[in-house]
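Here's a quick tour for anyone meeting this structure for the first time. Have a look at the model, then read on.

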Amino acid sequence: MSLRRDTNVSSIKGIDKFAGTEGDVPPPPRFDGRFDVGSPSSPPAMPDGGNGEDTPSLWSSRYSVERQLMAITGGLDSEHMLAKMDALHASRNKTKSARGLYRASAGAMDGSHEEYGDYTRGSSVGLGLGGAWTWIRDTFWTSGLELNSDGTTQSLVRGEKARVRRRNVRIVGLFSAGLLVAIGVLASRGRTGSAAKYRTPEMNFYVVADEPYRFDQFDQFTRDLEALPRDAEFVVHLGNANGDRESMCQEYGFERAANILRESPVPVLVVPGDLDWAACGTKRRSEAALRYWDVNLGKLESSWPHPLDVEYCPDVVGNFAFLHKSTLFVSINLVEQETNTEEWTTRLQKNVEWTRAKLRQFGDDFSNVVILGHAPPSSKQGEYFWPVVEDVKGLNRPVLYLHANSSGSFEVYRPFGEAENLEAVQLERRGVEGPMRVTIMRGGNDPFAFERRQPAASKK
């Protein structure tokens with residue numbers, strides 16, 4: 001039995017055109033297609049140049065699909081045959097190739113002849129601008145049809161991987177955008193100067209009030225002062241340094257308060273409070289107590305060497321001012337306890353004049369203003385705040401008013417809606433916390449940050 005290669009014998013349409021195609025893979029040596037099935041003689045040498053060791057057995061030769069294909073195609077084995085089929089269909093878009101299906105050929109379906117890699121592994125794009133643009137384009141914009149234009153299995157897998165990558169990138173992008181928006185909202189709504197902590201601090205000072213209030217608190221307050229952090233430049237006491245019932249308004253109480261405050265490692269500046277003088281009962285006792293206060297606490301910061309150039313008001317005891325770095329500090333004698341009408345009105349008017357004079361004196365030398373007082377802003381103190389607020393509005397610079405606790409707990413708020421650049425802070429109740437740190441940052445519309453601290457631990 002023999003097979004002949006005739007035109008009517010089984011063939012693949014159009015296969016003869018490959019013979020003269022320029023650039024084709026050279027065919028192996030051809031034979032006339034005649035051999036006897038089951039012949040004891042050896043079949044012709046295989047196209048791959050194999051030696052006798054690779055010669056198939058007589059049984060496998062009889063049923064070899066490879067040999068049947070070679071007989072039909074005129075000597076082309078399966079490898080060369082599939083390569084020809086790839087070349088034939090290279091221009092047919094969206095047609096799966098033999099290479100794509102069986103991974104048998106070396107030429108790409110799109111005619112690029114790139115080596116067929118393992119498409120199950122991630123591919124790498126170049127580090128150049130072209131590679132970066134390709135990654136961005138394929139990640140965000142390229143559609144599945146564009147990625148699968150050659151229809152091969154490799155393109156299908158590549159397209160699916162790109163689709164998953166686009167989905168993951170979009171999910172991460174949406175989550176990140178939402179997180180940034182949430183952080184921005186929280187930062188804009190924060191009223192404790194949280195945004196300021198991300199800028200460079202210009203100074204740190206600490207604030208206390210209403211202590212030492214009782215004899216049994218003296219030790220704890222002394223420990224709080226001794227444990228002040230090393231970043232403290234000075235301490236401000238917002239009044240009621242001599243609030244103990246037994247010593248209130250008496251000279252020895254102010255002497256004792258001064259001795260305790262001198263335990264601080266940094267200068268302490270003191271503001272008068274209600275219990276220091278205004279709440280002493282009679283005009284005579286109040287005036288005497290204010291003198292005791294002035295002698296012992298009025299210029300207490302002079303007990304330390306320091307760079308602060310403090311100026312004192314000649315008209316009102318307890319009023320002082322100084323410019324430190326880029327911040328103007330102004331202290332006013334402002335209490336809640338009402339005194340006689342003449343004293344009350346005169347003192348508030350003098351406070352207004354003192355504040356305005358310091359604002360004019362330092363002009364453009366300051367970036368922020370900190371006003372120090374004992375009482376909270378209220379209509380009772382309107383004779384001071386109403387004219388000063390008008391000046392503050394025209395500053396276009398941040399202003400902070402620090403005051404002692406009147407009721408409630410720690411609070412940061414804006415006392416006057418028409419003055420958006422004026423912020424007020426009420427300290428925590430006495431004995432609850434340690435000295436509060438105030439940090440002033442360089443620049444920005446919200447330069448003030450506040451850190452509430454725990455009382456210092458007792459020594460064992």
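Two residues are in contact here when they have heavy atoms within 4.5 Å of each other. Keep in mind that this is a predicted model.

Let's start with H237, which sits in strand β2 (residues 235–237). Is H237 buried or exposed? With a relative accessible area of 0%, H237 counts as buried, because the cut-off for that is under 20%. Setting aside neighbours within four places in sequence, H237 touches V208, A209, D210, E211, F221, L261, V268, L269, V270 and V271. There's also a polar atom of the H237 side chain 3.1 Å from the backbone nitrogen of G239.

Now for a pair of helices. Helix α8 (residues 218–226) packs with helix α9 (residues 251–261) at an angle of about 35 degrees, and their axes are 9 Å apart. On the α8 side the contact uses F218, F221, T222 and L225, while α9 brings R256, I260 and L261. Sorted by type, that's five nonpolar residues, one polar and one charged.

Further along there's an open sheet of seven strands with mixed pairing, in the order β4-β5-β6-β7-β8-β10-β9. Its edge strands, β4 (311–312) and β9 (411–413), each pair on one side only. Inside the sheet, β6 (residues 327–331) and β7 (residues 368–372) run parallel over five bridges, with L328 opposite V369 in β7.

| Helix | Strands touched | Angle between directions |
|---|---|---|
| α11 (residues 341–362) | β4, β5, β6 and β7 | about 160 degrees with β6 |
| α12 (residues 382–395) | β7, β8 and β10 | about 150 degrees with β8 |

Technical notes: Residues are numbered from 1 along each chain as its sequence is written. This is a predicted model: local features need pLDDT of at least 70, side-chain atom pairs count only at pLDDT 80 or more; totals for chains, interfaces and linings use all residues. Side-chain values use heavy atoms; hydrogens and water are left out. Axes are lines fitted to C-alpha atoms, for helices over the stretch in contact, and angles run from 0 to 180 degrees between N-to-C directions. Helices (H or I, at least four residues) and strands (E, at least two) are DSSP runs, numbered from the N terminus. Ala, Val, Leu, Ile, Met, Phe, Trp, Tyr, Cys and Pro count as nonpolar, Asp, Glu, Lys and Arg as charged, and the others, Gly among them, as polar. Two strands pair if DSSP finds at least two bridges between them. Buried means under 20% relative accessible area, exposed over 50%, partly exposed in between (1.4 Å probe, protein chains only). A polar contact is a pair of N or O atoms within 3.5 Å; within protein, one must be able to donate a hydrogen and the other to accept it, and residues adjacent in sequence count only if both atoms are side-chain atoms.
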